[in-house]
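Work through the exercises below with the model open. Each task is followed by a solution in steps.

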Amino acid sequence: MIRYTIIGAGPVGTLMGLLLAQRGHPVRLIERRADPRGAPPPAGRSINLALAARGLKAIEQAHLFERVAPHIIAMPGRMLHELNGALQFLPYGQNEREVIYAVGRDRLGATLIEAAAAHPGIELQFETRCLDLDPVAATLTLRDERSGATHCEPFEIALAADGAGSAVRAALAAQGYTRVREVPLAHDYKELTIPARGAAGNGATWALEPHALHIWPRGGYMLIALPNVDGSFTATLFLARDGDPGFDRLAGDLSVRELFAQQFADAARLMPDLEGQFRAHPQGQLGTLYCQGWQAAGRVLLLGDAAHAIVPFHGQGLNCGLEDCRLLDQLLQQHGAPAEALRRFEAERRPDTDAIAAMALENYVEMRDAVRSTQFAQRQRLAAEFERAFGGRFIPRYSMVMFHPEIPYREAQRRGAEQERLLDAFVQRFDYGSLHPPGLIYAQQLLQAAGL
């Protein structure tokens with residue numbers, strides 16, 4: 001059997017290793033960080049994750065859902081927090097299946113590592129940094145982060161799941177195998193914690209409704225909060241790097257407290273140590289990575305964020321990476337020679353990752369601004385009526401992305417654009433009224449004309 005070396009033991013790399021090991025391949029997982037089972041997670045450095053159907057399907061393919069299930073919380077919709085304190089719940093879909101799940105990045109990573117450690121076909125090596133890779137010679141240069149010693153070792157097939165700052169991608173770019181373009185977002189983020197009510201593990205409860213993704217949309221910026229199983233919420237402020245308001249203006253405790261008191265008053269009341277958290281937690285940056293050339297010499301392949309990092313506003317960064325694992329595993333089963341599977345993976349996958357990168361950027365505007373408008377709610381209601389009336393012929397784009405893994409991202413993007421034009425045409429004639437008989441006939445005509 002072919003031996004796979006995977007650089008990066010985050011959720012994507014570890015899931016890929018498990019899928020391969022379950023088919024009998026020996027796997028070596030190399031990770032620069034310490035073993036998460038024994039190391040405390042870094043404070044304020046990760047945006048909470050939203051698991052949706054694409055990621056769950058990949059986890060289920062590896063027979064791991066039962067391990068993950070205790071650590072996830074169902075979120076069937078968004079809870080909007082208005083400036084005046086009013087709350088509005090907007091469901092994501094129309095049935096109990098259309099739910100996304102909050103999960104802590106570190107808890108998910110540790111759970112998958114535990115599964116990998118229990119598999120006899122997987123070797124785990126932590127605190128080992130990849131310094132370089134030669135696809136032609138099929139060698140890796142590694143450094144032990146504890147001793148500082150470096151050494152070179154061979155590999156058969158190397159899969160790089162070492163994130164947006166991928167060392168493997170940098171090595172491939174330096175050798176001319178790939179071209180990389182990074183487009184930073186003008187907005188940064190700061191992670192904060194809304195603590196549980198009561199003592200942890202002793203009847204602790206959530207300070208907000210736990211079964212919702214909370215959003216404080218304020219036009220050019222927003223605060224979000226996702227629940228954790230310990231009763232806390234992980235909140236994330238997304239704000240312009242420069243401007244008014246902007247992170248550059250939040251120079252002291254007073255300005256931080258003023259911003260929150262004016263714009264997120266109900267959240268501020270739940271964070272007594274807001275200023276201390278703001279000082280202690282790093283300011284993270286966001287952007288989209290466009291990488292031409294994911295494989296090299298038929299021996300090396302970039303996966304997940306190493307190949308196509310995106311902004312987090314559609315909740316698909318992790319889901320897309322986990323779906324990479326499922327699709328690559330299928331290609332490797334279809335082709336006897338891994339080299340052909342690696343080559344085909346980029347050709348078949350790139351149109352989808354380009355599509356979700358664009359949709360994630362668009363969803364930021366929706367989350368921070370469009371959701372506040374009456375027209376947004378009316379349009380959502382009308383789209384739901386179309387979906388009920390026409391079944392699989394009309395599925396809102398958000399639902400296609402989040403709840404229909406059988407629909408590729410590129411198809412969701414294409415159909416979504418057609419459906420937006422269809423809704424525009426319908427609203428011009430019937431405003432936002434219900435699908436009464438004349439409107440139903442016209443809607444059928446529009447669907448037929450759009451090829452839906």
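**Exercise 1. Determine the handedness and geometry of the crossing of α2 and α10.**

Solution. Step 1: the crossing of α2 and α10 is left-handed, a term used if the near helix is turned anticlockwise from the far one by less than a right angle, while clockwise gives right-handed. The model is predicted: local features need pLDDT of at least 70, side-chain atom pairs count only at pLDDT 80 or more, and totals for chains, interfaces and linings use all residues. Residues are numbered from 1 along each chain as its sequence is written, and side-chain values use heavy atoms, with hydrogens and water left out.

Step 2: helix α2 covers residues 53–61 and helix α10 residues 317–334, and their axes come within 7 Å and cross at roughly 45 degrees. Axes here are lines fitted to C-alpha atoms, for helices over the stretch in contact, and angles run from 0 to 180 degrees between N-to-C directions. Helices (H or I, at least four residues) and strands (E, at least two) are DSSP runs, numbered from the N terminus.

Step 3: α2 and α10 are therefore oblique to each other. The classes are roughly parallel for angles under 35 degrees, roughly antiparallel for those over 145, roughly perpendicular for 65 to 115, and oblique for the rest.

Step 4: contact (heavy atoms within 4.5 Å) brings Arg-54, Gly-55, Lys-57, Ala-58, Ile-59 and Gln-61 of α2 against Asn-319, Leu-322, Glu-323, Arg-326, Asp-329 and Gln-330 of α10. This contact of α2 with α10 has three nonpolar, four polar and five charged residues. In that scheme Ala, Val, Leu, Ile, Met, Phe, Trp, Tyr, Cys and Pro count as nonpolar, Asp, Glu, Lys and Arg as charged, and the others, Gly among them, as polar.

**Exercise 2. Describe how α1 packs on α10.**

Solution. Step 1: the angle between helix α1 (residues 11–22) and α10 is about 25 degrees, and the axes are 9 Å apart. That makes α1 roughly parallel to α10.

Step 2: the crossing of α1 and α10 is right-handed.

Step 3: from α1, Pro-11, Val-12, Leu-15, Met-16, Leu-19 and Leu-20 take part, meeting residues of α10 that include Leu-318, Leu-322, Cys-325 and Leu-332. The contact of α1 with α10 divides into 11 nonpolar, one polar and two charged residues.

**Exercise 3. State the relative direction of α14 and α15.**

Solution. Step 1: the axes of α14 and helix α15 (residues 437–450) come within 10 Å and cross at roughly 150 degrees. The two helices are therefore roughly antiparallel to each other.

Step 2: α14 passes α15 in a right-handed crossing. Among the residues that meet are Leu-422, Phe-426 and Phe-430 in α14, and Tyr-442, Leu-446 and Leu-447 in α15. By class, the contact of α14 with α15 has 10 nonpolar, one polar and two charged residues.

**Exercise 4. Characterise the second largest pocket.**

Solution. Step 1: its volume is about 910 Å³. On a 1 Å grid over the protein atoms alone, a pocket is an open set with protein on both sides within 12 Å along at least five of seven lines, a cavity is a set of points where a 1.4 Å probe fits but cannot get out, and lining residues have an atom within 4 Å of a point. Grid points are joined across faces, edges and corners, and a volume is the space filled by probe spheres set on the points.

Step 2: 33 residues line the second largest pocket, and Glu-366, Phe-376, Gln-380, Pro-396 and Glu-420 lie nearest its centre. α12 supplies the largest share of this lining, 10 residues.

Step 3: the lining of the second largest pocket has 13 nonpolar, 11 polar and nine charged residues.

**Exercise 5. Locate the largest cavity by its lining.**

Solution. Step 1: the structure holds one cavity of 30 Å³ or more, and the largest cavity has a volume of about 60 Å³.

Step 2: its lining includes Tyr-290, Trp-294, His-308, Arg-350 and Asp-354. α11 gives the most to this lining, with four residues.
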